[in-house]
Amino acid sequence: MNITLILFLLLLFIVALGGTLYVFKQEEKKMKQYELEGDTAKSELQRSMEYETKSLKSNVPILIWIYSVTILIALIAFFVYAF
């Protein structure tokens, strides 16, 4: 029974890691697009300010959902197997 819980939590960890990498890849695509368009100091400053506002509205909520669901499922699994 303990090995099942460990395997389940390991799988859950891998899914959460996959979600995190997905968000990272989205940002990486944006960076490559910026490199292709050419960088200037003015455009970098504008992107930096844009990122500060958009990141809080898009990436942070996605990551919060990923980890909240992961932690909730892990706690449910722990209590199911513990009791």
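Guide: Happy to! The axes of α1 and α3 cross at roughly 180 degrees and come within 10 Å. Axes here are lines fitted to C-alpha atoms, for helices over the stretch in contact, with angles running from 0 to 180 degrees between N-to-C directions. Helices are DSSP runs (H or I, at least four residues), numbered from the N terminus. This is a predicted model, in which local features need pLDDT of at least 70 and side-chain atom pairs count only at pLDDT 80 or more, while totals for chains, interfaces and linings use all residues. Residues are numbered from 1 along each chain as its sequence is written, and side-chain values use heavy atoms, leaving out hydrogens and water.

The crossing angle is why α1 and α3 count as roughly antiparallel; the cut-offs are under 35 degrees for roughly parallel, over 145 for roughly antiparallel, 65 to 115 for roughly perpendicular, and oblique for the rest. On the α1 side, the residues that meet α3 include Leu5, Phe8, Leu9, Leu12 and Glu27. Their partners in α3 include Asn59, Ile62, Ile66, Ala74 and Tyr81. Contact means heavy atoms within 4.5 Å.

Let's stay with Glu27, which sits in helix α1. Glu27 counts as buried because its relative accessible area is 16%; buried means under 20%, exposed over 50%, and partly exposed in between, with a 1.4 Å probe and protein chains only. Setting aside neighbours within four places in sequence, Glu27 touches Tyr51 and Asn59.

A salt bridge is a side-chain nitrogen of Lys or Arg within 4 Å of a carboxyl oxygen of Asp or Glu. Glu27 and Lys30 are three residues apart in helix α1, so about one helical turn separates them. Lys30 is partly exposed, at 35% relative accessibility.

The structure holds two salt bridges, and another pairing joins the side chains of Lys25 and Glu28 at 3.4 Å, N to O. Both of these residues lie in α1, again three residues apart, about one turn of the helix. Lys25 is partly exposed at 46% relative accessibility, and Glu28 is partly exposed at 27%.

Terms used:
Helix = DSSP H or I, 4+ residues; strand = E, 2+ residues; numbered from the N terminus.
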